[in-house]
Amino acid sequence: MNESAASLRSRIEAMGSPEKALAQSRFFKTGEGEYAQGDCFWGVTVPQVRSVAKACKEVPLSVVEELLKDPVHECRLLALLICVARFPKADEVLRTQIYSLYLNHTRYINNWDLVDLSAYQIVGEYLRDKSREPLRRLASSSLLWEQRIAVVATWRYIREGCFDDTLRIADILLKHPHDLIQKAVGWMLREVGKRDKTCLTDFLSVRYKQMPRTMLRYAIEKFPPAEKALYMKR
């Protein structure tokens with residue numbers, strides 16, 4: 001694969017739509033003072049970027065790194081989706097290289113979609129048979145995106161019926177002030193509850209009064225209306 005970062009960038013740019021770019025800039029909060037201030041979009045959809053990623057997933061990691069540092073959102077997304085596409089069949093050496101590349105560049109994984117489309121497939125998957133201490137370090141970081149990576153990475157274990165890591169990270173982030181973390185924690189707790197409601201209600205029983213309402217609302221979204229109302233009223 002002899003594609004360069006520049007050639008891949010051009011392929012993505014050619015798919016862009018000014019109208020979609022404007023809508024994405026608004027949706028992903030790129031205005032002054034917002035969480036993605038200054039991010040640049042070309043108006044390319046996730047399926048379009050994913051198709052390019054699958055076709056060029058064998059490019060060198062140096063190309064991936066260059067794309068990951070690009071100021072255009074879709075280029076960073078392409079870099080991450082290449083890693084996601086390559087990870088399942090990679091040997092342990094390459095998996096370690098991808099994982100290290102990911103964690104060494106978290107400042108560029110700087111929007112919720114970038115995290116959500118990659119964290120559990122890379123960080124969560126890599127740590128399946130290893131210590132989960134890196135997740136706790138990420139959750140305790142001062143960087144918003146590392147905190148979101150920590151909790152979303154646990155989706156990998158939730159899908160296998162293992163909830164301990166999710167609950168530990170949720171405890172670390174329980175009183176987080178930012179809605180992007182509140183929503184992510186609530187989302188993962190909801191996923192736990194879909195598989196084991198008792199586990200979720202036990203967790204909530206001594207914590208729900210301390211949780212931000214957004215986090216709680218996301219966590220109990222699948223509860224019956226009367227039960228939801230009782231939690232929210234309290």
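Predicted model: local features only at pLDDT ≥ 70, side-chain atom pairs only at ≥ 80, totals over all residues.
Local features were taken at pLDDT of at least 70 and side-chain atom pairs only at pLDDT 80 or more, while totals for chains, interfaces and linings use all residues. Residues are numbered from 1 along each chain as its sequence is written, and side-chain values use heavy atoms, with hydrogens and water left out.

The chain has 16 helices and zero strands, these being DSSP runs numbered from the N terminus (helices H or I, at least four residues; strands E, at least two). A compact globule of 234 residues would have a radius of gyration near 17 Å, and the 19 Å of the chain agrees with this; the radius is taken over C-alpha atoms, and the globule rule is 2.2 Å times the number of residues to the power 0.38. Along the principal axes, the C-alpha atoms fill a box of roughly 55 × 40 × 30 Å. Of the 234 residues, 54% count as buried (under 20% relative accessible area, with a 1.4 Å probe and protein chains only). Among contacts with a separation of 6 or more, 70% come from residues 24 or more positions apart, where contact means heavy atoms within 4.5 Å.

Two packed helices are described by the angle between their axes and the distance between the axes. Axes are lines fitted to C-alpha atoms over the stretch in contact, and angles run from 0 to 180 degrees between N-to-C directions. Helix α3 (residues 46-55) packs on helix α5 (residues 73-86) at about 50°, with the axes 9 Å apart. On the α3 side the contact is made by Val 46, Val 49, Arg 50, Val 52 and Ala 53, and on the α5 side by Glu 74, Leu 77, Leu 78, Leu 81 and Ile 82.

Helix α6 (residues 92-103) and helix α8 (residues 119-126) pack at an angle of about 120°, their axes lying 10 Å apart. This pair is therefore also oblique. Residues of α6 in the contact include Tyr 99, Tyr 102 and Leu 103, and those of α8 include Ile 122 and Val 123.

Ser 118 lies in the loop between α7 (112-116) and α8. Ser 118 is buried, with a relative accessible area of 0%. Leaving aside residues up to four places away in sequence, Ser 118 touches Leu 80, Val 84, Tyr 102 and Val 123.

How values were computed: Parallel < 35°, antiparallel > 145°, perpendicular 65-115°, else oblique. Buried < 20%, exposed > 50% of the residue type's maximum accessible area, 1.4 Å probe, protein only.
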